[in-house]
Amino acid sequence: MPELPEVETIRQQLIRPLPLTILTVEMSSVVGSLLKPQNHQFSPVGMTLKNILRKGKLMTMVFDEDHYLLSHFGMSGGWRLSPNKILEKHTHLQFKCETKNRETLYLAFVDPRRFGHLFFFNKENAEKKWNELGVDISTPEFTYEYLKSVLKRFPEKQLKPFLLDQKYFAGVGNYIASEICARAGIRPTRRNKLIRDAEIHKIITATKIVIDGTLKTNGTTFSGGYADASGEKGLGVQHLVVFYQETCQLCHKTPVTKIILAQRGTYYCPSCQK
Ligand SMILES: [Zn+2]
């Protein structure tokens, strides 16, 4: 499932040729189930895609004339960019675009499992959607003080499932949450009230290591999942220390324990994490 590093990888690839003028739009017969609001007239032909922003796992394409296309990748969604028409199965939306130098490019939203969402909004609604998300964990606002204050507000919650809450930690997904706990040396089941101040610093540092590591390898692809804008897999698996691992890659000796916590597969090292 695409998490912050995967969405950011795609964003960085898509912004390179901007601005792009939209020449034609093609939609699949099922795009209606992805596109919100469903009764909205979606017609970006002639508009220019000027910028692409990201907060957490939400990507926002900024067009001229106060139009915004927001995308949430769901389980298996993503954008592709190519000089050739994208013929991949499960392509639901495809823009034929033109660069400033009059080169043709194709930009498409692909989503095999169709849990993704597209929102075509004006500025006001785009901001509303954006503001539903809390602090993005890759930004300077994700500080010791911020983390300490939110942990204090929810003392009884367990750390790992709590980290998945997008209202406080935008961009965290299941593999990142397990990896942050591992690198911070904290069991995923630990209650927030039992996390010491020194460990809060460790969570901040661990988050940076996890995000930076996987961004360098263009995201993380698990079996059959995410591909970047050129259709390539991300090689972030090499940075994982507990998630999907048999042996902990921090101590290199203890077998990783897998539990189900709040319905999600959760991995930790019983030696490295207390
Ligand atoms: Zn270990």
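Visitor: What volume does the second largest pocket have?

Guide: About 170 Å³ for the second largest pocket; keep in mind that this is a predicted model. The general idea is friendly enough: rolling a probe the size of a water molecule over the atoms shows where empty space is left.

Visitor: Which residues line the second largest pocket?

Guide: The lining includes Ile137, Ser138, Thr139, Pro140 and Phe142, along with Ile204, Thr207, Lys208, Ile211, Asp212 and Leu215. Sorted by class, that lining has 6 nonpolar, 3 polar and 2 charged residues.

Visitor: And what is the volume of the largest pocket?

Guide: The largest pocket comes to about 560 Å³. It has 27 lining residues, and Met1, Met75, Ser223, Gly225 and Tyr226 are the closest to its centre. Two or more lining residues come from each of β6 (78-82) and α5 (174-184).

Visitor: Which domains give at least three residues to the lining of the largest pocket?

Guide: Domain 1 (4-131) and domain 2 (144-268) each do. By class, the lining of the largest pocket has 11 nonpolar, 10 polar and 6 charged residues.

Visitor: Now the strands, please. How do β4 and β5 pair?

Guide: Look for bridges between the two strands. Here β4 (residues 58-63) and β5 (residues 67-72) are antiparallel, with 6 bridges. One to find in the structure is Val62, whose bridge partner in β5 is Tyr68. The hairpin of β4 and β5 has 3 residues between the strands, and there Glu65 takes a positive phi near 60 degrees.

Visitor: Which strand do 5 bridges join to β5?

Guide: That is β9 (residues 117-121), and the two run antiparallel.

How values were computed:
Residues are numbered from 1 along each chain as its sequence is written. This is a predicted model: local features need pLDDT of at least 70, side-chain atom pairs count only at pLDDT 80 or more; totals for chains, interfaces and linings use all residues. Side-chain values use heavy atoms; hydrogens and water are left out. On a 1 Å grid over the protein atoms alone, a cavity is a set of points where a 1.4 Å probe fits but cannot get out, and a pocket is an open set with protein on both sides within 12 Å along at least five of seven lines; lining residues have an atom within 4 Å of a point. Grid points are joined across faces, edges and corners, and a volume is the space filled by probe spheres set on the points. Helices (H or I, at least four residues) and strands (E, at least two) are DSSP runs, numbered from the N terminus. Ala, Val, Leu, Ile, Met, Phe, Trp, Tyr, Cys and Pro count as nonpolar, Asp, Glu, Lys and Arg as charged, and the others, Gly among them, as polar. Domain bounds come from an automatic or database domain assignment.
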